[in-house]
Amino acid sequence: MIKIKNQIQESLTRFLTEIGNIVLFTRDTVRQFFVGPVEGKEMIKQGYYVGVKTLPLITITGFIMGLVLTIQTRPVLLEFGAQSVLPGMISVSLVREIGPMVTALLCAGKISSGFGAELGAMKVTEQLDAMEVSGTKPLNFVVATRVLATTLLIPVLVVFADVIGLLGSYFAIRMHEDISMLLFFSKAGDAITFTDLIPATVKTFFFGFFIGLIGSYKGYTTNRGTESVGLSANSAVVTASLVIFIIDLIAVQVTELIH
Amino acid sequence: MEKVVEINDLKMSFGNKNILDGVGFVLKRGENIAILGESGTGKSVFIKCIVGLLTPDSGTIKVFDKLVNDLENGELDEIRQRVGYLFQGGALYDSMTVRENLEFPVRRTQVSKNKSEMDKLVNEALENVGLLDAIDKMPAELSGGMKKRIGLARTLILKPEIILYDEPTTGLDPVTSGEISKLILQVQEKYNTSSIIVTHDMKCARITANRLKLMGDGKFIGEGTYDELSSSDDDYIKSYFN
């Protein structure tokens, strides 16, 4: 019994310490946004990795997401003769929830793990220490640039995924009905209101911030040894995905209040 | 001679294990000291404390007469620019070419330089280590010895007054080890640097160091020139020279 109690106490202490460390890491990283120096070239490089390199994945999954959602939903609406509301329904689902969530989870898998592994390898091979001893702040050059890139670009990727998803939906409807693209997008657009758009967009900035931050944190705090690099990458994906769901839960509550 | 590093009663532990147990140390200007000792005796921990990469539990570290323990981040960075550190594997930035690796610390720590000034600095640093032709290569294209030389060039480019070498010849063949050792000596003679060389390589210690210090059980247990230590009566010290 005492052993179990000690284990629980130990796990709780470890968990709370980790939370404390993440909070401190977040504070130090955010401070770098304001104290600089601005690492423009590195920002562009990370922006390219986050934005351009993720685009093919987002395009394919976004298209399939819209296509499948429409194919699955259409028969149900058809039963009630309500297929005309399909574009609006799909667009609301995509913009409010599915687009941001699927994109964020994909980015957690690709970008968070990438940052975790890259920074972990830099830590293990003492590259971060080398920056530190030469008077350069790795937190500014390595972490702040990555976090800023994900914060600014993941919302763009979400918007892109939404549009591609709608395109997929259009193609799914076109398989059965003769509808022009203009009419489809007009119906889809009419269904979306500001109260759908604003919270959905705001939460994507938080998704982006935490995807970059958690990947970087896990890499930055990697222990010695190559095994730790793999663990950091893995832990980055799991933690970032969990945080995305928590942010989404909070966002849903806030949206409900607005409605 | 001026003391550039002065350490008193330095203690550091990881968990229950005491790594440094009241270490005292002095490095004078223009002097090279080699630190020898078994693996895990705290040699690397010791030099990491000097540049503030690790924080000791107690004791004082003075570099250029300033207490490293008490320095704010900005002041510590100023000291770090005067203290070069050569990491075991070179610690070159994987994503940058050799040129970018060398330019990186200069761009971030010194007043902005135009292209020709920067080229001159980079070329001079690479000529010092005999690797000017590797300027546009990526670290992945370099051998272990070349990485260490480039690492040294990146350290030299900031014109440090003290250089800390963490096992500079480990993992290298005897010929390359000898070349690196000679390079360390050349750097001392050319730039009048003071150095601490953490090594297991007795040949390297003999070539590069004015004095040797032997570390064991978290303390220095022997000190002297190579000849003095090699003729010691202590069996443990003698075992290093056999």
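Two strands count as paired if DSSP finds at least two bridges between them. Helices (H or I, at least four residues) and strands (E, at least two) are DSSP runs, numbered from the N terminus. With those two ideas in hand, let us look around. This is a predicted model, in which local features need pLDDT of at least 70 and side-chain atom pairs count only at pLDDT 80 or more, while totals for chains, interfaces and linings use all residues. Residues are numbered from 1 along each chain as its sequence is written, and chains are lettered from A and ligands numbered from 1 in the order in which they are written.

**View 1. Strand β7 of chain B has a parallel partner in β6(B) and another in β8(B).**
β7(B) covers residues 162-166 and pairs in the parallel sense with β8(B), residues 194-198, over five bridges. In this pairing, I163(B) stands opposite S195(B). Strand β6(B), residues 83-86, also runs parallel to β7(B), and four bridges link the two. Here G84(B) is the residue opposite I163(B).

**View 2. Is strand β7(B) largely enclosed or largely open?**
A residue is buried if 20 or more other C-beta atoms lie within 10 Å of its own, exposed if 12 or fewer, and partly exposed in between, with C-beta atoms placed from the backbone. Five of the five residues of β7(B) are buried, so this strand is largely enclosed by the rest of the structure. I162(B), L164(B) and D166(B) point one way from the strand, while I163(B) and Y165(B) point the other way.

**View 3. An open sheet of four strands in chain B has the order β2-β1-β4-β5, with antiparallel pairing.**
The edge positions belong to β2(B) and β5(B), each with a single partner strand, so one side of each has no neighbour in the sheet. β1(B), residues 3-14, pairs with β2(B), residues 17-28, over nine bridges, and M12(B) stands opposite L20(B). The hairpin of these strands has two residues between them, and G15(B) there takes a positive phi near 65 degrees. β1(B) also pairs with β4(B), residues 58-63, over five bridges, and K11(B) faces S58(B) across that pairing. Two bridges then join β4(B) to β5(B), with K62(B) opposite L67(B).

**View 4. The largest nonpolar core has 109 residues.**
A nonpolar core is a set of buried Ala, Val, Leu, Ile, Met, Phe, Trp, Tyr and Cys residues joined through C-beta atoms within 7 Å. The residues with the most contacts inside this core are I211(A), A240(A), I50(B), A153(B) and L164(B). Helix α6(A), residues 138-174, supplies the largest share of this core, 12 residues. Apart from it lies another core, of 14 residues, including M89(A), L94(A), L166(A) and Y170(A). Two residues are in contact if their C-beta atoms, placed from the backbone, lie within 7 Å. Leaving aside its neighbours within four places in sequence, I50(B) is in contact with V5(B), I61(B), V63(B), V68(B) and L164(B).

**View 5. S113(A) sits in helix α4 of chain A.**
The helix covers residues 86-124. S113(A) has 22 C-beta neighbours inside 10 Å, so it counts as buried. Which residues does S113(A) contact, leaving aside its neighbours within four places in sequence? They are G215(A), A233(A), A236(A) and V237(A). G230(A) lies 117 residues away from S113(A) along the chain, yet their C-alpha atoms are separated by 9.0 Å.

**View 6. Chain A comes to nine helices and zero strands.**
Of its 259 residues, 42% count as buried. Along its principal axes, the C-alpha trace of chain A spans about 65 × 55 × 35 Å. pLDDT is the predictor's confidence in each residue, from 0 to 100; chain A averages 90, and chain B averages 86. Among the elements of chain A, α7(A), residues 181-191, has the lowest mean pLDDT (88) and α6(A) the highest (93).

**View 7. Chain A meets chain B through 10 residues in contact with 14 residues of chain B.**
The side of chain A that touches chain B has two nonpolar, five polar and three charged residues. Here Ala, Val, Leu, Ile, Met, Phe, Trp, Tyr, Cys and Pro count as nonpolar, Asp, Glu, Lys and Arg as charged, and the others, Gly among them, as polar. The predictor gives the complex an ipTM of 0.85 and a pTM of 0.85.
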